[in-house]
Each structure stands twice: as structure tokens, then as C-alpha cells.
Amino acid sequence: MWRRFAVVVVAGMALLGCTPKKPDTSLGYHKATCSALYAGLKNVECGTMVVEETRGAKNGRTVALPVVIARATEAKKPDPVIMLHGGPGGGMVENLAFSLRQKNRVTPDRDWIFFDQRGTGKSNPSFDCGDAPLSDAGITSDAGVKVLSDCMAKYQAAGYDLTQYNSATIARDIRDLRTALGIKSYNLYGGSYGTRVAMAVMQHDPEGLRAAVLSSTWPPEGNATAPLPALVSRETRQVLGYCEADAACKAKFPGMEKRLDGLLTTWLSTPAVVEGKTYTADLLAAFLLDEIYSREGAQSLPMTLDTIMKGDYKALDKFEKTQAGYTEGQFFTTLCNEEFSFENPADLDKIDHNDPIQVATARDTRRFFAVCQAFNAGKPDPVENLPLTSDIPTLMLSADIDAGCPAELSDEVVKRLSRGKTYFFPNRTHTIVGSDCAKAMIRQFLETADPNVDASCIKTDQPKFMFNLGKS
């Protein structure tokens, strides 16, 4: 489904951009001086891509997209890689200087181009709504619905055309960027919801696109809301099942799945109140999804839940403060347009009401729809809900533990990609973070544009799911 993208191009993948001393607001690409954080880094270019907010409107309203280009450090191939971050509402232009210093690029023989998508990150405008309680599972409180609804109404009242901040429009931004940079042939690399943007390019503007890497794929036809509660439950229980099958984890945290069900069942009717602060099942369900999205979170999940069950809620406090950490406005301009508009909140009534993880998650997820009523996200073209058919070479990577972009989605998508192939990584989490095997496969694919890569390393990539058991 949606999530920030942090994977394998450089260690980290959060990016820091820069702006010109005197920003040029005319349409096109403008080079800029990189910030002091780039001191000592060679082969890095910073700039800004200025595009119309509403193409053809000629009303003077523009969007400025920060761009960072990591130039090739070896014999340069003519086709760069354009990176697409997830979210929606994620970003790339923050902390790139640190990441590039790690010198861990997948392919040093190509330029890698990074930018923040319109409406999010360091783009201008960027539709931030402060510390609103928005998570990947949904909105974790009724009060949060009003905060987010008011925020979206505010941006609309300010005159922004919120119908123009979605994947189809971002695909046109990519076209304008590559045209401005003189790029005739290029590759795309998307992770999580970045794959949805990549597929929009493949659908709407495939000219010049040589190959695409999709890590944890979310396709146009995916249903974002109705399946989510069951997926959160399934993947959480999978991690806890791995703990039960691991002798050391089971010995330290026995019966964790049953204990979690008990806690959620209690909190569904009677939230915990500690020193005037309330802890709800809604918050805990969203926290579960956030934890299993990351390798570190999933590996620590039994230990973290055990701590919570003993009355230490520091982990929930930390999560509640930032939750998904998205630029909330762009999250909603995108999803209200191309996802939720094709879905029905009544479908959430079909969950397993005997499963407390599903019940709690559905409370969060249902609240998405209320925010969409607060502003005009635009009526999408029906094609935005149709499966993609393409002959562009496509390498797809899917993870064993992934409630947002489950592997079965990739299995379906690849059936309509005549030059596509999907690979499954056991014991890995969302976007296959930290896998040297995945890097090697991507490197080979970008070299040949043939998705039939050597995948033998998957067998030894991560043969067992490892847990963080804390101090003995």
C-alpha cells in the first residue's frame, strides 16, 4: 500500500536538497548551489524543477520540486535512474548528504536523480498538517479527523488546486524533468507507493523508459482499505508465529499472540488511562503496522509488546507523536483521488469481528473517508483503477512480511507485464531494506534490462527471521 521508501541505493535513502540563493520561479530546471552539508562531496548537483500547478491553466501558479543528482563516478551509462519515494506524503530531499557519504550506491556508473514529489517533502508548496494522528493504518482518533479535515479545507481555501497532486500529475512532472535535463532514455526505481507512481509513468508516458524496478509493489487496481485490517492481522501474527517457532524467542516471550489478543480485546472496550493519558486499541493497531513495516521493528516486536503489556507505554508514546511522519496533505490529495474514490467504507464491515487486530485496525482505516469529504481531490479517470499492461522490462521484489504491499499483489501484477518478473524474499520486510542480494539483482537488471537475473542469493539472503530479544 503506502509507505516511505528507504531501501538500497545509498545507506539510508532520506535525502537533503538545496535551493538557489535567489530562486528562479520561471518554468524549467534551475541549477542551485548545494548546502554546506555537501562539503567534500563530489559529483553531486542540486537544483529546482519548476512546473505549472495545473498544466495549461496559465494562471501563474507553479510548483517547485527540489532535485538532487548524484552523478556517475565510473564510466557513465547514458540512461540515468530516477528514484521515486513512497508515502504518499514521503520525501527524499532530507539527509541525502549523510547517505551519499556512505558510498553504498547500487550502480556508480549511472546518474541517480532524486526529487520530492509535488505537495510533499521540501517541494513548494508542501501540504503539512503538523502532528496530526495519521498512520499507515488510518487515523487513530476521531479528533484527528477534524484536525486533518480542517487542514485540507485550509489549503483548498488558500487557492491551491488540490486535484493536481496525485500520481498521474507526478508522472507528467517526471516527463518535464527528464525533458529539461535532456534525458532521452532512463530507468525508474520505485519503492512502496513509489511503485504506484512508476506504474503511472508506464501507463501514461512510457516514452524513453528503458526499465523499471518495483520494490514492494502497489498497483493501480489495488484496494487500499477493505483488505488492510486482515493484512495487519495476518502479518503481525506471522511475526509472532516466527517467535513461537524460535526456541529462544518463545522461551522469553511465550504465548505472545494470545496475550496481544487479550490486551486489544480489553482496550477495544476499556482503553488504558495512565496519568491522564489514554491508550486505545486504535493506537496499538496502528503501532503494530508501523512496527512490522521495518526490519528493526518486526525483530523487536515480541519484546516491545511484552514491555507494553507490563505497563511501560514509552514505545506507544513515541509512535503517537510522529506516527507515519508524512506530509499529510499530499497523502490525502493522492489517496482521496486515486484510491479511496474507488472504494467503499461499508466494505470494512466485512472484517472478522472476532479478531481484535482487525477490529481495531478497521476503526483507524474507516476514518480516512471522512477527511476526503473536506476538500475536492478531483474525479480520477477510471484508468487509475485498472490493471497495467506493459512490455517495459520490469524487475519486481516482494517481501515475506508486508501488510501494505503483500507479495500476492506482485504475483498478479506480473501476469500482465510481458517482460516482467517478480522475486520473493523470505524473512524480509517492506521494500527489502538492507539486502545485499537485492542490490546485486537490481545491479544486474539495470545493466541488462532483463528481469531474468541471477536470484540464487535469495536462498542464503536471510534464511531465518532473527529476533531482538534484549538483554539476557
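Is K277 buried, partly exposed or exposed? I looked it up in this predicted model: K277 is partly exposed, at 32% relative accessible area.

**K277 and its partner.** I found K277 in a salt bridge with E320, with 3.3 Å between the closest N and O atoms. This one links distant parts of the chain, since K277 sits in strand β9 and E320 in helix α10, 43 residues apart. E320 is partly exposed too, at 29%.

**Other salt bridges.** My count for the model came to 39. I also noted a network in which shared partners join R55, R118, D173, R175 and D176.

Next I checked D246 and K464, whose side chains meet at 3.1 Å, N to O. D246 is in the loop between α5 and α6, and K464 is in the segment after α15, so this pair ties together parts 218 residues apart in sequence. D246 is buried at 11% relative accessible area, whereas K464 is partly exposed at 47%.

Then a local pair: K146 bridges to D150 at 2.8 Å. Both are in helix α2, four residues apart, or about one turn. I have K146 down as exposed at 54% and D150 as partly exposed at 42%.

**Helix α7.** I tested its length: 14 residues (256–269) at 1.5 Å a residue should span 20 Å, and the end C-alpha atoms are 21 Å apart, which agrees. Its buried residues are M256, L260, D261, L263, L264 and W267.

Conventions. Residues are numbered from 1 along each chain as its sequence is written. This is a predicted model: local features need pLDDT of at least 70, side-chain atom pairs count only at pLDDT 80 or more; totals for chains, interfaces and linings use all residues. Side-chain values use heavy atoms; hydrogens and water are left out. Helices (H or I, at least four residues) and strands (E, at least two) are DSSP runs, numbered from the N terminus. The expected span of a helix is 1.5 Å times one less than its number of residues. Buried means under 20% relative accessible area, exposed over 50%, partly exposed in between (1.4 Å probe, protein chains only). A salt bridge is a side-chain nitrogen of Lys or Arg within 4 Å of a carboxyl oxygen of Asp or Glu.
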